[in-house]
Structure formats: structure tokens, C-alpha cells
Amino acid sequence: MIDIQKLLNPTAFQIPPSGIRKFFDIVAERKDAISLGVGEPDFVTPWHIRDAGIYSLEKGHTYYTSNAGMLPLRESVCRYLSRRFSLSYNPKNETLITVGGSEAIDLAVRSLITAGDEVLVPEPSFVCYTPCVTLAGGKAVPVITRAEDDFRLTADCLREAITPRTKLLVFPFPNNPTGGIMEKKDLEEIAAVLRDTNILVLSDEIYGELTYGLAHTSIASIEGMQERTVLVSGFSKAYAMTGWRLGYACGPAPLIQLMTKIHQYAIMSTPTVSQYAAIEALENGDDDIAAMREEYDHRRRLMVDGFRNMGLSCFEPRGAFYVFPSIRETGLSSTEFAEKLLEEENVAVVPGNAFGESGEGFIRCSYAYSVKNITEALNRIARFVQKHLK
């Protein structure tokens, strides 16, 4: 009888499951539970975008596309990045369409990292970076960001973390889970540290359209940085297109060429219907983004005020759609808080340590939910906090 356990890849086997999905799976089985756990817009994809996808099916556009994605879509991506962020990329050899931003991240890491290479990962941050590095044989090195620094990556912290083995810096701003952003002056300081190194930047800008009070600046737009940056983004967050599974990467041609080769063998091409919908989103979706961003901003203020009013310290996020309040006042660990809150008040949040050890003492709450659900969840959390405050 075959022993499957002995055949499994030990590196993959030892990677823990996502702390986000754990709580999502639990809450799915609970009646009347309110989830603030998953980073998915509660908006339906705007009709004109859906209509473009439907029309592509009606026209019979159901075949494979180029491995790199349809050229008209790559051209739309490049026009969009030029128009919104003053970036200039060649759609033919510096742009790749991927299955969500997550595939773009994985492709970039696999194209760059070999055994022994170090990758700097600012934490707290999204759960996929470290496992991708580990699976590629590299070593993920956490670089801690702190609430007192507005969860920015500081030039001093970056400088201290760099070693001769450092090959890549993950740059996840606007940040999930903290909502922290990097302003232009911060980016210039980071660029000054990197300029004389041979370190590449993987800039995850999936939340680039969701900033409040200050427009997003891409690190690739800073002098000397585009040549050492692979920009990753997608359509899930800004256009409420999570289920369409579409993202993209733009960067130096040799890197994009290698990423495309891996994508060619692993994926072939992204869904054709999604690509047609994405063209419509990029060309005619600015008003949709503005409307959703305005609603998120309202919910953001509601949630920050709610946590502060219940006696918890809460950093004001200026990007994405998450708040990251401290729960240290309760004396509970992040996991204890999340588990007890779900058990006692039927509200799901994500423990901060799911995003790295530095997230301990915090929880992540998404405000990509209705005001009604957010208000009721805050009432339940306030009741829970009052019971457990030290």
C-alpha cells in the first residue's frame, strides 16, 4: 500500500494554512454570524464591466489568448498606468496578464529567488509573500513596521535589514492588513537606500486606487526605481472583480519574459472573458472606483471611531479597506480575542498574528461590508470588549 505522506513535499507540507481562511471557513458554518474577516468588496462588479464580459461570450470569444494576455488589454493596462500614476511601460514586452495579483507575485518570486536568497518582507503584511518565498527556496526576512510610524517602512529599518544575500524587497503599500500607506517623501527615502544596491522591488499595488485624502504614488515613479521594480496589481479590489481572477505585472523586459515563460507552462493564459471585461474596466471604470472609494471612506471613519469609542487604540488607515486596532487592553492574545469573539458574539475578525508575529496584539477588520453589518458588528464587539477589558 502506497504511503502518500512520505511522498509529499516537506517544504509545502510544513507551511501553515492561511489564518484568514481558517476563520472564513469557521464563520461559513455559523448561523447569523457577521464576518469582518475577508477582504472582498461587497459591491457587485459594475454592470458595464459585466456586460462587456457577457458580450464577449455572445460574440464567441471563447478561445485561448496569447500567453501574456490579449495585446489590447496589455495596451489598456499601460495607458491606465500612464494616466493614473505617470508610469510608462511597453505593452509588448514589459506587461503580463495573470490569474489575479497573487499569481503575479508568485511568478516574480519564482523568477528571481533561488536557494539561500533573502527576501525582505515588511510586516504585518498579506499572508502570501512568505510562503511564496519559502516554496522558491528563499528565506523571507521580516522587517517590522510599527503603529508609531503609521505602519510605514522606514529607511533606517530597511537599511539595517539588508545583507549581501538580499535580492528582493516586497513592497506592499497600501498595506493589507494595516491600511498604512507610503507618501512620496517616504518613497524617496527608500529609493535612496536601494539606489546603489542590486536589490529588486516587488511593489504590490493592488490597493493603489483605494487611498483616502492623498492619491497613491507608485515607487516605480521615483527617479531610478522603475528599472528595479516589478509592479503587481489587478482588478479584484478597485473594480469589485474578485471572482474574475485577473491581475497583471509590469517591469523590466527580461524579468517579464521569464515570468511569462513560467506562466506559459503553469497556466497557459488567463480567462478570455475576464480579459474583455478588464478592458472595459480600465477604459471606462474611473467613476465606479470613485463611487466605491467614497463609500469605503464613510465606512472607514465609522469603524475607526467605533473602535476608539469602545476604548481600543486604533491607527487611522489611509489606504485599502481594513482597520487594525490594538486589542492589548483586553489582555487577550490576538487568537484568543478572535476565537472568543466568534464564540460569544458571533463576529469573525482575523487575528493580527496571521500577518506575521509583529501583528500580535492586533486584529484585522475589513470595512468592505455594509454599514448595517459594520454597525451591528461594532455593537457586539463593544459589548465583548467591555466584558474583557483589564
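**View 1. The left-handed crossing of helices H5 and H11.** In this predicted model, H5 passes H11 in a left-handed crossing. Helix H5, which spans residues 71-85, and helix H11, which spans residues 272-284, have their axes 9 Å apart and pack at an angle of about 25 degrees; since angles under 35 degrees count as roughly parallel, H5 and H11 are therefore roughly parallel to each other. On the H5 side the contact involves Pro72, Leu73, Ser76, Val77, Arg79, Tyr80 and Arg83, which meet Gln275, Ala278, Ile279, Leu282 and Glu283 of H11. By residue class, the contact of H5 with H11 comprises seven nonpolar, two polar and three charged residues.

**View 2. Threonine 272 in helix H11.** Threonine 272 is located in helix H11, and because its relative accessibility is 11%, under the 20% limit, it counts as buried. When neighbours within four places in sequence are left aside, the residues in contact with threonine 272 are His61, Tyr63, Tyr64 and Thr65. The C-alpha atoms of threonine 272 and glycine 69 lie 8.5 Å apart in space, although 203 residues separate the two in sequence.

**View 3. The right-handed crossing of helices H6 and H10.** Helix H6 (residues 100-112) packs with helix H10 (residues 253-266) at an angle of about 115 degrees, the two axes being 9 Å apart. That angle makes H6 roughly perpendicular to H10, and the crossing of these two helices is right-handed. From H6, the contact is made by Glu103, Ala104, Leu107, Ala108, Arg110, Ser111 and Leu112, while H10 contributes Leu255, Leu258, Met259, Ile262, His263 and Ala266. The residues of the contact of H6 with H10 divide by class into nine that are nonpolar, two that are polar and two that are charged.

**View 4. Glutamate 209 in the loop between strands S6 and S7.** Glutamate 209 is placed in the loop that runs between strand S6 (200-204) and strand S7 (229-234). Glutamate 209 counts as buried because its relative accessibility is 8%, the limit for that class being under 20%. The side chain of glutamate 209 is joined to that of arginine 84 by a polar contact of 2.8 Å. Leaving aside neighbours within four places in sequence, the residues in contact with glutamate 209 are Tyr80, Arg84, Phe85, Ala238, Ile289 and Arg293. One of these residues, Tyr80, also belongs to the H5 residues that meet H11.

Note on methods. Residues numbered from 1 in each chain as written. Predicted model: local features only at pLDDT ≥ 70, side-chain atom pairs only at ≥ 80, totals over all residues. Heavy atoms only, no water. Helix = DSSP H or I, 4+ residues; strand = E, 2+ residues; numbered from the N terminus. Buried < 20%, exposed > 50% of the residue type's maximum accessible area, 1.4 Å probe, protein only. Polar contact = N/O pair within 3.5 Å; in protein donor to acceptor, adjacent residues only side chain to side chain. Contact = heavy atoms within 4.5 Å. Axes fitted to C-alpha atoms, helices over the stretch in contact; angles between N-to-C directions. Parallel < 35°, antiparallel > 145°, perpendicular 65-115°, else oblique. Left-handed = near helix turned anticlockwise from the far one by under 90°. Nonpolar A, V, L, I, M, F, W, Y, C, P; charged D, E, K, R; others polar.
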